[in-house]
Amino acid sequence: MVHIETRLGDITTMNVDAIVNAANEELMCGGGVCGAIYRAAGAEKLRKACRAIGHCDTGDAVITDGFDLPADYIIHTVGPVWFGGERDEAKLLASSYRRSLEVAKEKGLKTVAFPSISTGIFGYPTESAAATAVAAVRDFLKDDEEMTVIWVLFDEQTKRIYDAALGEEA
Ligand code: AR6
């Protein structure tokens, strides 16, 4: 069954098939959720795995082991930097979600946890990011009977915005 939900919390604690990292194109250890994932997975091991892959385009996704995380895998996707909405940001953000779920499906993964991609350091306004994210995930899942997607949101305000985009009670 397709299931979508939101939770408040730290994505690095999630015991799921894969958590998604809001990465950069160089796949380097950054700040925000990326830094937290590097620390929790084991920075050296993750750095080595990311170096072997080398690069990920904006809107694309790659996968590594989850190393010391409870999650089996990390899907690294690069969301767009917000430039005011004039540089295909919505298309690229939708692509980040779609490619992450395609990579998960290729591996046969059933439960995937996302952070709020692009809405921190990359500056994407949360309301429009949530609307685009929810539409992209629903579109991908419409034919898939067996995936669970969980947004793990770090603060109450962001959770409220995703709940509203999903049309649920906050
Ligand atoms: N669990 C869940 N969400 C978190 C966590 C956590 N442990 N920590 C932060 N967030 P950001 P971006 C939230 O900046 O905007 C990095 O340097 C955070 O509050 O992590 O896509 C990368 O390497 C926000 O709501 O990602 C890239 O260079 C959301 O995660 C760049 O930042 C995303 O914020 C990516 O920027």
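Residues are numbered from 1 along each chain as its sequence is written, and side-chain values use heavy atoms, with hydrogens and water left out. Because the model is predicted, local features need pLDDT of at least 70 and side-chain atom pairs count only at pLDDT 80 or more, while totals for chains, interfaces and linings use all residues.

**The ligand and its shell**

The ligand sits in the largest pocket. A pocket is an open set of points on a 1 Å grid over the protein atoms alone, where a 1.4 Å probe fits, with protein on both sides within 12 Å along at least five of seven lines, and a molecule sits in a pocket if more than half of its atoms lie within 2 Å of its grid points. Around the ligand there are 21 residues, and the closest of these are Asn24, Gly31, Val33, Ser118 and Ile121; a residue is counted as near the ligand if one of its heavy atoms lies within 4 Å of it. Helix H1, which spans residues 32-41, gives the most to this shell, with 4 residues. Helices (H or I, at least four residues) and strands (E, at least two) are DSSP runs, numbered from the N terminus.

| Residue | Distance to a ligand oxygen atom |
|---|---|
| Serine 118, polar backbone atom | 2.8 Å |
| Threonine 119, polar backbone atom | 3.4 Å |
| Phenylalanine 122, backbone N or O atom | 3.0 Å |

On its own the ligand has 700 Å² of accessible area, of which the protein covers 90%; such areas come from the Shrake-Rupley method with a 1.4 Å probe, and for residues only the protein chains shown count as cover.

Arginine 7 lies in strand S1, made of residues 3-8, and is partly exposed because its relative accessible area is 36%. In these terms, buried means under 20% relative accessible area, exposed means over 50%, and partly exposed is in between (1.4 Å probe, protein chains only). Not counting residues up to four places away in sequence, arginine 7 touches Met14, Ile150, Trp151, Val152, Leu153 and Lys159, where contact means heavy atoms within 4.5 Å. Its side chain also makes a polar contact of 2.9 Å with the side chain of glutamate 5. A polar contact is a pair of N or O atoms within 3.5 Å; within protein, one must be able to donate a hydrogen and the other to accept it, and residues adjacent in sequence count only if both atoms are side-chain atoms.

Tyrosine 73 belongs to strand S4 and counts as partly exposed, because its relative accessibility is 24%. From C-alpha to C-alpha, tyrosine 73 is 9.9 Å from alanine 41, although the two are 32 residues apart in sequence.

Threonine 132 is found in helix H4, residues 126-141, and is buried because its relative accessible area is 17%. Leaving aside neighbours within four places in sequence, threonine 132 is in contact with Ala90, Leu93, Ala94 and Tyr124.

Leucine 27 is placed in the loop between strand S2 (18-22) and H1, and its phi is near 60°, a positive value in a residue other than glycine. Aspartate 88, in the loop between strand S4 (73-77) and helix H3 (89-106), likewise has a positive phi of about 60° although it is not a glycine. Leucine 27 counts as buried because its relative accessibility is 4%, whereas aspartate 88, at 46%, counts as partly exposed.

Conventions: 1 Å grid on protein atoms, 1.4 Å probe; cavity = no way out; pocket = protein on both sides within 12 Å on 5 of 7 lines; lining within 4 Å.
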